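Here are a few friendly notes to read with the model open beside you. Please take them in any order you like.

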Amino acid sequence: MTGKPEATWRMPNQLASMISELRHLVREKTFRAGEQIYAQGEPSNSFYFVVSGLVQISIFRIDGVEIVLEKMGPDTICGEATAFAGLPSFSSAVATEPTTVLEFEARRLPDLFREHPEFALILLRLTSLKQRVLALRLEQMVSNKPEERVLELLTRLGEMFGTRHAKGNMVRTRLTHEMIAAMTGVSRVTVTRTLKRMRESGTLYLDDGYFVISPAHAERLDVG
């Protein structure tokens, strides 16, 4: 696969629009490519709504290996779990290209919730969805079968960014083999071999560089 890696997460346009309407109440910040927004193991009193750019969310294992959780593009939120809990962050966030965000400070949330009660509901829905996805990913990460890990990732992206295709659901997000490896905890070589087996078995197709998931195989995983 060629092409620039894209976002792997998004939220409904209506929710993103509602959050954007609060931009006059919060601070806008910009980050250079490679600049850290928040660090794993450190406390943070803020969370961030991505206006433009791309933010990589990662966890670093004790042996130094980086596990990429998501690529957060425009109209997504990151860092809210740490801001709400008041505990050290379990992940790191780095801008992978010039990025603009809206910074929401946790100490101001009570006032925002009183003035905009729908904002509290939005955050609750987003947090619940993220927890569900993380639980599904954890279930697949402990599996010894690389195909299940890769299929879970592509099926979820198909649910978020997919379009109908004659052979199934086309994932309209370009990911390199390296990125799939980082997000599934397997090696790049294993990803390449796994994708080849999936294509040979009819689980996966390629169309103009995009992955297409066969509906019969996608039903094996519940990612809704």
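Predicted model: local features only at pLDDT ≥ 70, side-chain atom pairs only at ≥ 80, totals over all residues.

1. Let's begin with the largest nonpolar core, which has 37 residues. Ile-57, Ile-180 and Leu-195 have the most contacts inside it. Helix H5, residues 146-161, gives this core its largest share, with seven residues.

2. Leu-195 deserves a look of its own. Leaving out residues up to four places away in sequence, Leu-195 touches Val-150, Leu-154, His-177, Ile-180, Leu-204 and Phe-211.

3. Is Ser-214 buried or exposed? Ser-214 counts as buried because its relative accessibility is 10%, and buried means under 20%. Ser-214 is found in the loop between strand S12 (210-213) and helix H8 (215-218). Leaving aside neighbours within four places in sequence, Ser-214 is in contact with Lys-167, Gly-202, Thr-203 and Tyr-205.

4. Next, the largest pocket, which holds about 330 Å³ of space. Its lining has 19 residues, and Leu-69, Glu-80, Phe-90, Lys-130 and Leu-134 lie nearest the centre. By class, the lining has ten nonpolar, six polar and three charged residues.

5. Which elements give two or more residues to that lining? They are strand S5 (66-72), helix H2 (80-85) and helix H4 (117-141). The largest share, five residues, comes from H4.

Methods: Residues numbered from 1 in each chain as written. Heavy atoms only, no water. Core = buried A, V, L, I, M, F, W, Y, C linked by side-chain atoms within 4.5 Å. Buried < 20%, exposed > 50% of the residue type's maximum accessible area, 1.4 Å probe, protein only. Helix = DSSP H or I, 4+ residues; strand = E, 2+ residues; numbered from the N terminus. Contact = heavy atoms within 4.5 Å. 1 Å grid on protein atoms, 1.4 Å probe; cavity = no way out; pocket = protein on both sides within 12 Å on 5 of 7 lines; lining within 4 Å. Points joined across faces, edges and corners; volume = space filled by probe spheres on them. Nonpolar A, V, L, I, M, F, W, Y, C, P; charged D, E, K, R; others polar.
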